[in-house]
Amino acid sequence: MGFLAPWFLGGLVALGVPVFVHLLRRHVTTPRPVSSLMFFERGTQSSTRHRRLRYLLLFALRFALLLLIVLAFANPFVRRVSADANSRLLFIVLDNSFSMRAGTRFADAKQQALATLAAKPHSQKAQIMAFGGQLEVLTQPIIDEAQLRAALESIQPGDGHASFGELGRDLRTMSESSRSPADLHLFSDMQHSAMASNFADMVMPANIKLVLHSSAQSTAPANWTIESVDAPAELSDPKDPKRSRVEAVIVGFNTPATTKTVSLVINGKVVASRKVDIPANGRATVDFAPLDVGYGFNRCEVRIEGGDAFPSDDASLFAVRRSDPERVLFVHAAGDNRSAVYFGAALDAAAHSSFVLQSVAAEQATDLDPSRFAFVVVSDAPVLPSIFEHALAAYVAKGGSVLIALGTSAAHHERIPLWGSNARDPRDYARSSGAATVGQVDFSYPALEQAEPGRDNGGWAEVKVLYAVPVDPAQSRITARLTDSTPLLLEKQVGEGRILLFTSGFDNLTNDLPLHPIFVAFVDRTARYLAGSERLSGSRPVDAFVPLRAAATPVGISGNVEVIDPDGRRPLSLGEARTIQSFRLQRAGFYQIRFANGRDAVIGVNPDRRESDLAPMSQDLLDLWSGSSGGGQEAALAPSNERQTQPLSLWWYVMLLALLAAMTETGLASRYMSTLREEP
Amino acid sequence: MQRFLDPEVLAGISSLDLLAKTVVDGFVAGLHRSPDFGFSQEFAEYRAYTPGDDLRHVDWNLFARTERCYLKRYRGETNSQLTVLLDASNSMQYTSGPPTKMDYARYIAASLFYLAIRNQRDAAGLIVFDDEVREYIRPSTRPGQLARLFAGLEQAEARARTDFAKPLEHFQNFLHRRGIAILISDFYENPETIIDTVAPLRFHGHEVVLFHVLDPQEIRPAMKGSMLLVDLETDQRIEVVPEYTKTTYRVKVDAHIEELRSRALGAGMDYQLLVTNQPLDAALREYLTLRQAGN
């Protein structure tokens, strides 16, 4: 026990007041004359003594009152044992990423987590989290051990990729809302590949003490896995030697040189096997050609036979959709034949495309049904037949895609079909400054996607634009700009479909893009993007998101979506099926999806291949991580067992007693000191 | 002089009828109905005329109506003798606020003198005593008697202790004619002793009235703390606490007053407790009413 404000104890001097008044003060009596003392007895002296004795209770109360008031100001406190220890929140984070499937890692980690949960003080709050592809909070901070244990037991190994950087960021976000101290026990295989590129991302906030529990061996077991599979998502001609092939890269982690058998499985049947020599800790490529698949969606798999320490990552899934070549409608102005030639040539040259271009003049497009085409290109045709334009608008609203290229005709017609806004004054760079070049390119945009664009702006820097038509970019995404900030390529979402607007032409009069190699890549990616074939098959990593419907579409306008997971179950409720816009692919396997625009897709989902590298973090790194997070690892080894104390102020209780003493003193004093009232 | 003759006091007393309680030794007790009518004669009876009767008493109106001669008889009026015995001991000095008991006693005595001499035409006398007789003024109806009595009251100062025996013995030696004796005192003495001392007056045929003058603080003392009480007569000191005065003291005082009252009435005397905070006229009126009720 102590005092939070001991200097107030100086007020104890005031205790001398009741001592003086009751015990030390000389009892002074005022002589008062009376007519006679015949009615007063000598015994009155003892009455005074009796009164003084009786007043001792009053004295005691006054003494206690002053003492309690002084104590209340001094703010006494007691140290309550284990109050602080129990007030520390206990986070139990169990790693259920894909790598935890290796050996007994997950079972060991869960066992350790259960033991830690059982060892916590009964009154300590704990919170259970699963950490795979993302941090999942399974319980609120509670003390119900049965509920916590049930939550811990319910965690199953997943297929996600753990990232300690993500873990640190999530916990820093959580600590912004609650600054209470906590102990975080992480049960993981401490995979080295889960480390963040920036170590600072992994550091826990100051109020969280990190305790690491590794369930992995110090040395990583030998593991082979399929690093990548290069296969066409769409295939129209199985005999095409360029496209009808599957190329898989086999990689070994901590492995000796060996020979492995790799098989290609299509729809559950092994159609080809290859033996491949894999160097120690190296890579090898396996090629399967031709890829003979039937029409429709084919569920394919490249598999390493023989098994290893981590058999779960020995297969890679992908889906191939075989169909007839899709037609592309190219609507152009009557006098413009060059655009169709350049665009068709680029489309044919594209390796992955399976499109047949159908070119038609704008005036002849009246009776055409756009829904029969993969997408429609409107090149320098500012005036379309109204019936066709109406059909084209309906086609876009239902999920179709249109690429509009503006040419020199825009100088005479401000209106841009389907786009919704008019063209401004065209910019004829040939007459003013010679030529404009492409200044900004969004390489994350699917039609312009490049993994590592070079210094030449991904090949776009060489393109000279002589004529461009500025447009109002409202409600559209600008993906490329000229050097004078004039938008070159814009995308607008309309209903379930999309419209791309190229503010120059596809001929070689308004720019020299068709003459550059980048044009072929641009047309290829644009065609795949607009046709949507990229979304309908192929493979995705776990935790990737699949857009199911356009974001701008009001609820109820578009149809329901449908998702069937690898187990054949529908993870979406009916309500979600009406409103959900994107879906996270949480598990490895084949997902069957029906989009809001009615198109079906089969997607093979594979775990992140970084999970296959089972090498754990070095002990130095682990020490550095735990030591830099909230306090030393040693100090936090058994936080649940330490008994800390917390000062508990007794101010309220003392004041309550003082109030009680004051009330009693008032009652007694009024009783003793009151004079008897004369009867009227 | 003027302070004794407070017109309000006199007016209050004159508004009441005084009926003499008894008629002693052939003296006619006067009945005072109203000061407006002065001396009044109360009709008693008619008696047939007999030779030798005074013709002044014949009711000639009745004779004129009936031709019968009757005498109209009245109740006789006689002069009484009032003697006030005023206690002038030290205890009469006590006061909790003006007036002192001594002053209050003076007011009562003066009022009674005035009433007796001016209205009743009675002889009035005064004996001022403590443990000795300090002043003695013989009862008389002579002119200037009232002034002498007032002067005697003025000169009466409280001192020494109370002793009823000596003044009463003196009183018995000088007063042979029966009358009304009013003893004004605070009676701090044993009631039995007081009555035994005063009783011989009653035996001589005097009408004895005890006026017990007390201060309100003597009946219901209010004390906020313990006090050292000093006896005004003996200078004895006693420390007293409020609790005692609230309980035992009051019981004792009440018992003393009640015993004195009962013993006085038992001895054929009248007793009246007068508290100094009561108005003078109220005190006298209360007494006179008491006498009237006693008849």
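The part in question is the packing of helix 4 of chain A with helix 5 of chain A.

Reply: This is a predicted model, in which local features need pLDDT of at least 70, side-chain atom pairs count only at pLDDT 80 or more, and totals for chains, interfaces and linings use all residues. Residues are numbered from 1 along each chain as its sequence is written, while chains are lettered from A and ligands numbered from 1 in the order in which they are written.

Start with the helix pair. Two packed helices are described by the angle between their axes and the distance between the axes. Helix 4 of chain A spans residues 105-119, and helix 5 of chain A spans residues 145-153. Helices here are DSSP runs of H or I with at least four residues; strands are runs of E with at least two; both are numbered from the N terminus. The two axes lie 10 Å apart, at an angle of about 170°. Helix 4 of chain A is therefore roughly antiparallel to helix 5 of chain A (the term covers angles over 145 degrees; under 35 is roughly parallel, 65 to 115 roughly perpendicular, the rest oblique). Axes are lines fitted to C-alpha atoms over the stretch in contact, and angles run from 0 to 180 degrees between N-to-C directions.

Now the residues. Helix 4 of chain A contributes Lys110(A), Ala113(A), Leu114(A) and Leu117(A). Helix 5 of chain A supplies Glu145(A), Leu148(A), Arg149(A) and Leu152(A). Contact means C-beta atoms, placed from the backbone, within 7 Å. By class, this contact has 5 nonpolar, no polar and 3 charged residues. Nonpolar covers Ala, Val, Leu, Ile, Met, Phe, Trp, Tyr, Cys and Pro; charged covers Asp, Glu, Lys and Arg; the others, Gly among them, are polar.

Elsewhere in chain A, 5 strands form an open, mixed sheet in the order 10-16-15-12-13. Two strands pair if DSSP finds at least two bridges between them. The edges are strand 10 (234-235) and strand 13 (269-278) of chain A, each pairing on one side only. Strand 10 of chain A runs parallel to strand 16 (residues 315-322) of chain A, over 2 bridges. Glu234(A) stands opposite Arg321(A) there.

Finally, confidence. The model scores ipTM 0.71 and pTM 0.53. Chain B averages a pLDDT of 73, and 76% of its residues score at least 70; pLDDT is the predictor's confidence in each residue, from 0 to 100. Over residues 1-40 of chain B, pLDDT is below 50. Residues 290-295 of chain B also stay under 50. Where pLDDT is low, the predicted coordinates should not be read in detail.

Key:
Two residues are in contact if their C-beta atoms, placed from the backbone, lie within 7 Å.
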